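I opened a new notebook page for this structure. The entries follow the order in which I looked things up.

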Amino acid sequence: MVGTAEVENHNGYPNGSVNGVLEEKLDELRRFLGKAEGDPLRIVGVGAGAWGSVFVALLQDSYGHFRDKVSIRIWRRPGRQVDRATAEHLFEVINSREDVLRRLIRRCSYLKYVEARLGDRTLNADEILKDGFCLNMIDTPICPLKVVTNLQEAVWDADIVVNGLPSTETREVFEEIGRFWKERIAAPVIISLAKGIEAELEPVPRIVTPTQMIHQAAGVPMENILYLGGPNIASEIYNKEYANARICGAEKWRKPLAKFLRQPHFIVWDNGDLVTHEVMGGLKNVYAIGAGMVAALTNESATSKSVYFAHCTSEMIFITHLLSEQPEKLAGPLLADTYVTLLKGRNAWYGQMLAKGALSLDMGDSIKGKGMIQGVSAVKAFYELLGQSSISVLHPEEKKPVAPVELCPILKTLYSILITRDFPSKAILQALRDETMHDPRERIEMAQSHAFYIPSLLGQ
């Protein structure tokens, strides 16, 4: 009967208990942050890629109806136009979803999508985001969001800022944000979703992560900056596929935030090892690109992909032993994140498209409909860092010091394909089929039996 159907409960809590549970969690975080009655908790997403938009949409779905207690908004740059082909596809998505169609009609927003499909109007990315459409994830409508295109307006009074920017843009944007925060008495809390790294070679070679970039650029204390990552595909999380993640950082913030973010279908654990988990989030993107190439070049051969997987995981194990004093603690999270990225991540997709000739390197690493391909810059950063002779390791056969990258043939090959462009994509297969290639087990044994840990690589 019309009017008696239950309202869809996106967060997954049983009807009748949802509001009480969520309001209690919101009140608890508000008290922890010292928010006064009548002063809403201000949560701001910065950057509107797929994961950044979904993360903010999850918060909006869960807490947005407590309007007197929380304000949730997202910033993205203005002016990005939606091309005609995307507008046509968006129209098809809208008409395939009755709930979305009804919502747009109620909001008096449907006509503009009709006009865009006909070519009579040009839509902007910030405009459609207000209606619940992320330009990098058109096939998965999310809830409508409050979108702000002025960066200062978005962040100046924020209590919690969610960094949904690519690592390649994080420093620049947070330098600008830092200027808005100079007069603040208390620093905000930052949750960074970015998976990518930079390499600093002077005065000592080391990795710089997005949380460190934010600290340097905006002057926010490191104890107020956290990283959230896990084996997650944004669209699947919004569609309530069961997922988990870790929020890493200072205990003061990570434990209350883990509780606040946790939902029945999205379990958030907490961990104190911030930088290492963040680096691992960038490392898996490197090898995902190569996995996509192998899949395309071998017509999805399961045997070839397993050979690649054995070699790439052995290199990742070797690298974790360089970066972490206790690398065994990273094995599970790194393997899970790598697995999901190989299955359905944008970096593996990018490798496939390059190998098939559907994309070229000249098109850059920001791809329409996908966003930033973080693995490209990560290949460059890891290669440059591990190519430094000043952080040499002993070669197991030649018994002489070599740069660590010399023991990572896949990383070297990806650098030659993607960065120097000396080789075509098919060189990844030649690297795997090299008769001098060692059994990946040997690299693992070598990593586990030698004191390879170099604390300076993570600035420790």
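I searched the whole structure and found 31 salt bridges (a side-chain nitrogen of Lys or Arg within 4 Å of a carboxyl oxygen of Asp or Glu). The model is predicted: local features need pLDDT of at least 70, side-chain atom pairs count only at pLDDT 80 or more, and totals for chains, interfaces and linings use all residues. Residues are numbered from 1 along each chain as its sequence is written, and side-chain values use heavy atoms, with hydrogens and water left out.

I looked up lysine 305 and glutamate 300, whose side chains form a salt bridge at 2.8 Å, N to O. Salt bridges with shared partners also link Lys35, Asp39, Arg42, Arg73, Asp157 and Asp159 into one network.

Within it I checked aspartate 39 and lysine 35, with closest N and O atoms 3.0 Å apart. Aspartate 39 is partly exposed at 26% relative accessibility, and lysine 35 is buried at 15% (buried is under 20% relative accessible area, exposed over 50%, partly exposed in between; 1.4 Å probe, protein chains only).

Next I took strand 1, residues 41–46, and found six of its six residues buried (helices, H or I, of at least four residues and strands, E, of at least two are DSSP runs, numbered from the N terminus). Leu41, Ile43 and Gly45 lie on one side, and Arg42, Val44 and Val46 on the other.

I then noted its partners. Strand 1 pairs in parallel with strand 2 (residues 70–75) over six bridges (pairing needs at least two DSSP bridges). Strand 4 (residues 160–163) also runs parallel to strand 1, joined by four bridges.
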